[in-house]
Structure formats: C-alpha cells, structure tokens
Amino acid sequence: MKIIVDGKEIDAVLGETLLGAARRAGIHIPTLCYHESLEGQGRCRLCMVEVNEGGRKEVVASCTYPVKEGIEVTTSTPVIDKIRRNIIMLLYKRATGSPVMRQLFQEYGCPQNSLQENPEERCILCNICVRACEELGSSAISLIMRGTQKRVATPYDEAAAVCIGCGTCARVCPAGAIEMTEKEGIRVIWNKAFAMQACSRCGSYYASREEIAHLTARKPEYVIQSDLCEDCRKRMMAEKIAVFVSE
Ligand code: SF4
C-alpha cells in the first residue's frame with residue numbers, strides 16, 4: 001500500500017507500523033524506547049507524529065500505530081516538536097547523567113533552566129531492557145517500586161540465577177544506563193560475574209558460557225560454531241563460500 005510521509009509517497013506493508021515504514025524509507029523519527037527487533041511499546045512517546053486520515057487529524061505514537069491505506073503523516077509540526085521538547089525536558093530532569101538525554105536536550109533547544117535533579121542517573125525507565133530480557137526467555141530484571149523510586153533491578157538487587165550475562169539489556173539500552181564491565185575474560189553485570197568463552201580462532205572473549213549454553217539449548221544448530229566469535233563465524237562462512245565458488 002501507499003502512504004504519504006512528509007509529502008513523500010512511500011511503500012508500506014499491511015501489519016507494519018508507521019515507524020517501521022518511515023524508517024525503511026529513510027525518514028527519521030526520533031525514538032528512545034524502540035528497538036527494531038522488539039515490538040513498539042509506545043512508552044517514551046518521542047515518536048509522536050500527526051496522522052491525517054480522510055481529513056481527521058490525530059497525534060499518535062508511530063511505533064505502535066499500524067499503517068493504513070492513504071493516510072498522510074507529518075513527522076514534525078510545532079505541536080509535535082513541543083510535545084517532544086516537553087518529554088525530553090522531563091526525561092532529562094530524571095536522567096541528567098545520560099549522554100543521550102543531554103544530547104537531545106541540546107538538539108531540541110530545551111531551556112537551560114529545566115532542572116537537573118539526578119546528575120548521576122541515566123535510566124529513563126523506557127523498559128526496553130526488561131522487554132529484551134523477557135524476549136530472550138530469561139526475565140531476570142523488572143521495573144520495581146513506584147513513583148520517583150521506580151527503577152530496573154534484579155529481584156532483591158541480588159545476582160539473579162536466571163541471568164545468563166548476555167549483555168543484551170545493556171546493548172539495547174538507549175540511555176547507556178546499564179553497567180557492564182569486561183576484564184580478563186570476566187564479564188560483570190547486575191551484580192553477577194560471568195566467565196567468558198574465548199574464540200577458538202582469534203582468542204577474543206565473545207560471550208558468557210551461560211549465554212552459549214542458553215543459545216545451544218534453544219537453537220541446537222548454534223552448537224556447530226559456538227566456539228567462534230561472530231566475526232570469525234562470518235569470516236569462516238566467507239572463506240567457505242570463496243572455496244565453493246572457486247571449485
Ligand atoms: S544480561 Fe541478564 S538481565 Fe541482561 S538481558 Fe541478559 S539475561 Fe537479561
């Protein structure tokens with residue numbers, strides 16, 4: 001189907017969201033709580049856009065709004081920019097320590113008098129880490145407490161038995177809020193230390209042993225190359241293809 005985004009006709013597929021279609025067409029819509037491998041949450045509301053459907057206009061979260069034939073979308077209007085600026089000011093006030101929030105704060109020209117209450121805090125409570133961990137089948141972290149005390153944590157802030165140290169939560173976090181350190185083959189995340197597997201080809205540490213065991217149990221085919229890091233796996237594949245082509 002065809003939809004119009006910022007005056008440009010683009011292709012969209014039934015069942016996808018406005019954000020998905022716009023991104024595929026190279027149109028930028030800002031997001032924080034969105035990751036392409038997870039369903040949209042509509043949580044941070046930064047991806048708000050204006051939709052005109054047969055003359056009826058509404059402001060919607062593009063990460064959850066399904067595309068419809070013939071709609072016209074505007075990704076930036078004075079109203080939308082104001083909504084985004086207000087969201088950014090609130091999130092920056094909560095998570096002043098996040099470099100991403102600081103950058104957005106400046107980019108959107110937010111007034112400097114909008115307060116910095118938590119200079120050390122980086123988490124914007126977007127929940128994407130919790131979702132990613134659930135998707136993996138671990139559910140080692142969750143949002144706990146309420147109001148200003150709300151935060152992401154493992155149960156009782158202790159090392160969670162179900163955490164496999166994969167680091168996915170840290171990688172998907174848009175605000176750089178989850179601390180993960182790696183030193184001499186030991187990864188530490190969420191108060192738990194994990195011995196890492198060294199690649200049998202290049203020797204670099206690439207995954208925790210628990211993660212490899214978890215992946216192998218879920219995807220038996222993974223076991224075939226589970227002693228290689230991702231780069232070496234790709235290289236080995238390319239070498240095999242090159243040999244195949246030259247024969
Ligand atoms: S490191 Fe632990 S908490 Fe983070 S996504 Fe992996 S299993 Fe979940």
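I call a residue buried if 20 or more other C-beta atoms lie within 10 Å of its own, exposed if 12 or fewer do, and partly exposed in between, with C-beta atoms placed from the backbone.

**Ground rules.** I am working with a predicted model, where local features need pLDDT of at least 70, side-chain atom pairs count only at pLDDT 80 or more, and totals for chains, interfaces and linings use all residues. I number residues from 1 along each chain as its sequence is written.

**Overview.** I looked up the whole protein before the details. Of its 247 residues, 28% count as buried. The C-alpha atoms fill a box of roughly 60 × 55 × 30 Å, taken along the principal axes. I find seven helices and 11 strands; these are DSSP runs numbered from the N terminus, H or I over at least four residues for helices and E over at least two for strands. For contacts I take two residues whose C-beta atoms, placed from the backbone, lie within 7 Å. Among contacts with a separation of 6 or more, 50% come from residues 24 or more positions apart.

**The five-stranded sheet.** I read the strand order of this open sheet as β2-β1-β5-β3-β4, with mixed pairing. Two strands pair if DSSP finds at least two bridges between them. Which strands stand at the edges? They are β2 (8–11) and β4 (56–61), each with a single partner strand, so one side of each is left without a neighbour in the sheet. From one strand to the next the twist averages 30°. For angles, I use lines fitted to C-alpha atoms (for helices, over the stretch in contact) and values from 0 to 180 degrees between N-to-C directions.

**β3, β4 and their helix.** I count six bridges joining β3 (residues 48–53) to β4, and the two run antiparallel. One pair I noted is Glu53 with its bridge partner Arg56 in β4. Helix α2 (residues 78–94) packs on the sheet and touches β3 and β4. The direction of α2 makes about 150° with that of β3.

A reminder to myself: most residues other than glycine have a negative phi. Where does Arg45 sit? I found Arg45 in the loop between α1 (18–24) and β3, with a positive phi of about 70° although it is not a glycine. Arg45 is partly exposed, because 17 other C-beta atoms lie within 10 Å.

Asn127 also went into the notebook: its phi is near 80°, a positive value in a residue other than glycine. Asn127 lies in the loop between α3 (99–107) and α4 (128–136). With 16 other C-beta atoms within 10 Å, Asn127 is partly exposed.
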